[in-house]
Amino acid sequence: MHKGKGMKFVGDSRISAERKPNIPKDYSEYPGRTEAFWPNFLLKEWLAGAVFLVGFLSLTLAHPSPLEGMADPTNAAYIPLPDWYFLFLYELLKYEFSSGSFILLGMLVLPGLAFGALLLAPFLDNGPGRRPHQRPVAVGMMLLGLVSVVWLTYTSASAVDWESRAEANKPVPASEVTIDTEHPGYASYENSCLACHGAELEGGAGPALVGTDLSAEEIATIAVEGIGSMPADQFQGTDEELEQLADFIVTVNESAE
């Protein structure tokens with residue numbers, strides 16, 4: 001190119017008319033380092049996903065999701081709990097630095113910082129090494145997050161009496177029950193239990209009594225000693241009236257079956 005003379009471009013874009021097949025590379029030159037995506041890598045991913053899916057379905061069948069009674073907005077004694085994968089956030093809100101006046105800190109700031117740090121970990125530690133000791137920042141942040149979640153989840157779950165909670169709030173299938181108002185124990189039920197457990201034992205402020213598999217002795221013990229959110233000494237009456245009350249509840253359940 002000369003000044004004032006302009007520019008001249010010369011190119012050669014000749015393309016062969018013969019089309020050659022797209023032959024994949026010979027990956028045998030790189031043993032253990034790489035492989036063909038199709039079908040080798042994709043087959044491995046599919047097998048791993050299938051094993052996980054079968055295991056997950058088997059676990060679901062062996063341990064069905066626990067169900068409780070129908071939601072009752074009038075029951076102020078019931079304490080709802082989140083699912084297990086949110087228990088660590090639930091436990092976090094129990095500490096002074098993340099509750100009360102600092103509730104926004106526990107709800108937004110701390111979880112936001114934690115998850116934001118995990119997202120930024122690959123950018124904060126972007127060295128070429130892939131071994132754990134070669135990536136101290138990313139590995140340290142991941143271990144800190146994992147230990148925190150496991151510890152908070154364990155602490156939250158260990159403070160709950162799961163058996164008593166399930167016993168006090170059982171799911172009750174819809175069924176036709178016959179209430180024998182002439183039964184000797186109905187008067188005791190009406191005086192001590194009806195306000196919380198309903199006129200047909202369907203539940204209310206207290207759990208439903210239809211569908212229970214408790215014996216008469218167990219019912220009598222609960223009526224005196226209480227269970228879960230039900231305080232003790234709710235029944236006021238004689239021992240004979242207590243036996244009649246327990247027999248009445250058992251009789252209603254037998255008629256429902």
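Visitor: Under what relative accessible area does a residue count as buried, and is Y189 buried or exposed?
Guide: Buried means under 20% relative accessible area. In this predicted model, Y189 has a relative accessible area of 0%. That value falls under the cut-off of 20%, so Y189 is buried.

Visitor: Which class of aromatic pair do Y189 and F248 form?
Guide: A pair of aromatic rings is described by the distance of the centres and the angle of the planes. For Y189 and F248, the ring centres are 5.5 Å apart and the planes stand at 50°. Planes under 30 degrees apart count as stacked and those over 60 as edge-to-face, so the pair of Y189 and F248 is tilted.

Visitor: How many residues apart in sequence are the parts that this pair of Y189 and F248 ties together?
Guide: Y189 belongs to helix α6, residues 186-192, while F248 belongs to helix α9, residues 239-256. The pair therefore ties together parts whose separation in sequence is 59 residues.

Visitor: Which class of aromatic pair do Y95 and F97 form?
Guide: The structure holds 7 aromatic pairs. In the pair of Y95 and F97, the centres lie 5.7 Å apart, with 15° between the planes. An angle under 30 degrees counts as stacked, so the pair of Y95 and F97 is stacked.

Methods
Residues are numbered from 1 along each chain as its sequence is written. This is a predicted model: local features need pLDDT of at least 70, side-chain atom pairs count only at pLDDT 80 or more; totals for chains, interfaces and linings use all residues. Side-chain values use heavy atoms; hydrogens and water are left out. Rings of Phe, Tyr and Trp (its six-membered ring) pair if their centres lie within 6.5 Å; planes under 30 degrees apart count as stacked, over 60 as edge-to-face and the rest as tilted. Helices (H or I, at least four residues) and strands (E, at least two) are DSSP runs, numbered from the N terminus. Buried means under 20% relative accessible area, exposed over 50%, partly exposed in between (1.4 Å probe, protein chains only).
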